[in-house]
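Student: I would like a close look at the aromatic pairs here. Could you take me through them with the criteria stated?

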Amino acid sequence: GYWKEYLKGYEHVAGIPFTTGSKEKNTYLESKESLIIEGDLYAGLNELCAEIGVTQNTFIQGVWGYLLSKYNNTRDVVFGTVVSGRPADLEGVEDMIGLFINTIPVRVRYNDGDTPLDLLKQIQQESIWSKAHHYMNLSDVQSQSELGMNLIDHIMAFENYPVQDIVKSDMENSQNQLTVESIEVFEQTNYDFNIAILPSSSSLIVELKYNANIYDAQLIKKITHHVFNLVKGFSVHKTSALRSLDYLTPEEENELLVKFNDTDTSYPDDKTFIDLFEDQVERTPNNIAVVFEQTQLTYQELNEKSNQLAYYLRENYAIKPDDLIGIKLDKSDRMIIAILGVLKSAAAYLPIAVNYPQD
C-alpha cells in the first residue's frame with residue numbers, strides 16, 4: 001500500500017538520453033567516468049547537510065533527481081537506489097552474515113518555485129517514511145506502478161562503508177604489523193547505467209558505470225560536469241529557485257546560445273526569394289520539393305501550381321504590390337503552394353490560424 005501510493009500517477013520512464021543508437025544491447029561493454037567532490041566544494045556540501053539535517057546520500061539524490069528531471073523535461077522522476085536492508089530494530093543484525101541489500105525506487109518531485117532546500121528536505125522526509133518498507137522485493141514494488149518492470153531505468157548506490165579509512169584506522173591503532181595489500185570488489189547489476197557514490201573523510205567520488213554499447217562515452221562525460229555544477233549550485237544558491245540553477249558548461253552554453261544561432265547566410269543582393277526559388281526550379285526541376293503525407297511535388301510541379309494561383313489572384317482580385325492576402329490553411333502542401341502563389345502575385349501573405357474566430 002505504501003509503494004502504491006508513493007508511485008501513484010507516475011507514468012513516464014526517466015532515462016539517460018545520451019545513447020549511441022546501437023542495436024548491440026545483448027552485450028555489456030563496461031566503461032566508467034568519475035568525478036571527485038573535494039576541498040571547498042565538499043566543505044560546502046557538508047555544511048548545507050548539517051544545517052538542514054540531511055545526509056550526503058540525500059544531497060546527491062537531490063542533485064541527481066533534479067538533473068534527471070532536466071534531461072527528461074519533467075518535474076517528476078524515479079530512479080533506483082540500493083539500501084542496506086538491515087533493519088536497525090533487528091537484534092544482532094550487524095553481526096549477521098549474508099546479503100541483505102535491496103533496490104527501491106526514489107521519486108524526486110518538485111514545484112516550479114521550489115529551492116534546493118525545499119527539495120532536499122522533502123527527499124529526506126520521504127526517505128525516513130520509506131525505511132520501514134525497504135524489505136519489499138523490487139518486483140513487488142514495480143507491480144504497484146503503471147510502468148511495471150520499466151519503472152527503474154538505472155540505479156544509484158551510496159556505498160557508505162569507508163573500507164580504506166577503517167583499515168587505516170585499525171592499522172594506526174594496532175600493535176600488530178598486519179597490512180592489507182589490496183581490496184578487490186566485483187559488482188554487477190541488471191542495468192546499463194549505474195551511479196556509485198564512494199565517501200571518505202575528505203571527499204566524495206561519483207562514479208558513472210555504463211554500457212558503452214548503449215551510451216555515448218563523450219556525452220556521458222558531460223554528466224560529470226553537470227553533476228559538479230549542480231553540487232556547487234545547490235550548496236551556494238540553496239535558497240534560489242531550482243529553475244535558476246545552471247548545470248551546463250560554458251562551452252555548452254556557447255554552443256546553444258551562439259553557435260546554433262549563427263545562421264547568417266549570404267544571398268545574392270539583387271534577387272528576391274521568388275528569383276532564388278525559380279533558379280532552383282531550373283537546376284533541379286525533377287527533385288522532390290514538398291512532401292505531405294502521401295503527396296509529393298517536384299520543384300517543377302510546385303512552380304506550375306504556384307504560377308497558376310498567382311495568375312488567378314491577379315486576374316480576379318486586381319492584386320497590387322504589397323497587398324495583404326490572408327492564408328487560412330492547415331500545414332500541408334497547399335499551404336506551400338499558397339505562400340509561393342501570393343508572393344508571385346506581388347502581394348504579401350498573412351498566415352491566419354484555422355481555429356481563430358471568423359470575425
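Tutor: Rings of Phe, Tyr and Trp (for Trp, its six-membered ring) are taken as a pair if their centres lie within 6.5 Å, and planes under 30 degrees apart count as stacked, over 60 as edge-to-face and the rest as tilted. The model is a predicted one, in which local features need pLDDT of at least 70 and side-chain atom pairs count only at pLDDT 80 or more, while totals for chains, interfaces and linings use all residues. Residues are numbered from 1 along each chain as its sequence is written, and side-chain values use heavy atoms, with hydrogens and water left out.

On these terms, Phe-59, Tyr-66, Tyr-110 and Phe-234 form one aromatic cluster, and a search of the whole structure finds 12 aromatic pairs. One of them joins Tyr-2 and Trp-3, whose ring centres are 5.0 Å apart with planes at 80°, so the pair is edge-to-face. For burial, the relative accessible area is used (1.4 Å probe, protein chains only), with buried meaning under 20%, exposed over 50% and partly exposed in between; Tyr-2, at 22%, is therefore partly exposed, whereas Trp-3, at 3%, is buried.

The rings of Phe-277 and Tyr-299 have their centres 6.2 Å apart and their planes at 45°, so this pair is tilted. It links distant parts of the chain, with Phe-277 in helix 9 (residues 273–283) and Tyr-299 in helix 10 (residues 299–317), 22 residues apart, where helices are DSSP runs of H or I with at least four residues, numbered from the N terminus. Both Phe-277 and Tyr-299 are buried.

Note on methods:
Helix = DSSP H or I, 4+ residues; strand = E, 2+ residues; numbered from the N terminus.
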